[in-house]
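Good morning, and thank you for coming. I shall present one structure and ask you to follow along on the display.

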Amino acid sequence: MTDIPPLADIPPLTETTTLRRLVEYAGASGDFYGMHYDLDFARSLGHPELAVHGLLKAAYLGRLVTEWLDGRGRLAVLEVSYRGMDFRDRAHTCRGRVVSAAANRAELELWGEDDTGRRTTLGRAEVIYDEEPSP
Amino acid sequence: MIEALQEAVGWTGPPREDVIERRHLAFYLHAIGATGDEVPPTFTACFLDEPPSLPAAASYGSGWLNGGDRFEYHAPLRVGDVIVSRPRFTGVVEKNGSAGTFALLTFETEFRRPDGELVVRHIGRRIRK
């Protein structure tokens with residue numbers, strides 16, 4: 001039996017996305033939309049700075065869950081909604097908690113905050129434990 | 001023009017076949033700040049059509065934003081696996097927000113093994129404004 005109580009908080013994960021990481025992510029993912037590395041292009045769209053890829057923020061949330069699971073189970077669903085933009089060189093903290101658990105499944109609430117505490121990224125996940133959690 | 005986008009619903013992008021390569025995986029893991037060698041949950045994002053190549057999108061607005069992503073996991077992925085996929089434009093609605101009018105587009109991509117087994121289903125909501 002694993003020991004994962006309902007309403008358990010998930011240890012937070014903070015990442016500061018630099019220009020180097022934006023370029024590395026663009027290269028690895030193939031998403032070369034200029035908003036993420038070309039400041040003139042980003043400003044032509046009305047953005048003050050280079051924006052962090054939404055899917056990079058989703059990757060951080062995916063890490064939050066899988067690093068917390070640490071091999072005790074697997075993700076069934078990861079869903080992310082981007083409610084605000086995040087920009088380079090600013091800390092982004094991913095947080096989450098278990099909101100319900102039944103049998104060997106649990107639903108997680110996830111979110112990402114910018115360095116002012118504003119929730120720019122909302123998400124949820126469904127996980128399946130390899131073993132049923134203890135009550 | 002929202003009408004051009006509405007008429008384009010059902011569009012499919014080019015089919016593609018990808019291999020989960022160890023070196024590519026290592027680049028991706030490094031880029032997302034991860035360690036280890038397992039395929040992370042968002043790795044299939046590397047095989048999405050980003051930003052979307054939907055030709056009709058040029059008729060509406062001037063730029064893209066990402067509205068959201070949903071990944072549904074049906075089977076694990078490992079280095080060496082081959083996956084086939086094809087993006088499909090499934091819907092569009094026009095909305096009014098605090099920053100003005102925009103189009104919310106939905107794309108679905110199923111990642112399958114060559115024998116047809118579904119591995120990951122992705123639903124992307126993209127904003128055109």
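A salt bridge here is a side-chain nitrogen of Lys or Arg within 4 Å of a carboxyl oxygen of Asp or Glu. The model is predicted, so to be clear on terms: local features need pLDDT of at least 70, side-chain atom pairs count only at pLDDT 80 or more, and totals for chains, interfaces and linings use all residues. Residues are numbered from 1 along each chain as its sequence is written, chains are lettered from A and ligands numbered from 1 in the order in which they are written, and side-chain values use heavy atoms, without hydrogens and water.

Let us begin with the interface. How many salt bridges does the rule find across the interface of chain B and chain A? There is one; A:Glu79 forms a salt bridge with B:Arg70, with the closest N and O atoms 2.7 Å apart. Contact, meaning heavy atoms within 4.5 Å, involves 29 residues from chain B and 32 residues from chain A. Together the two chains bury about 2,300 Å², 58% of it on carbon and sulfur atoms; this is the accessible area (1.4 Å probe) that two parts lose on being put together, summed over both. B:Ala31, B:Ile32 and B:Tyr73 supply 22% of the area that chain B buries against chain A, more than any other three residues.

I close with two charges, each sitting over a ring, that is, with NZ of Lys or CZ of Arg within 6 Å of the ring centre and within 35 degrees of the ring normal. The charged end of A:Arg72 lies over the ring of A:Trp68, 5.0 Å from its centre. In chain B, the charged end of B:Arg128 sits over the ring of B:Trp64, at 4.9 Å from the centre.
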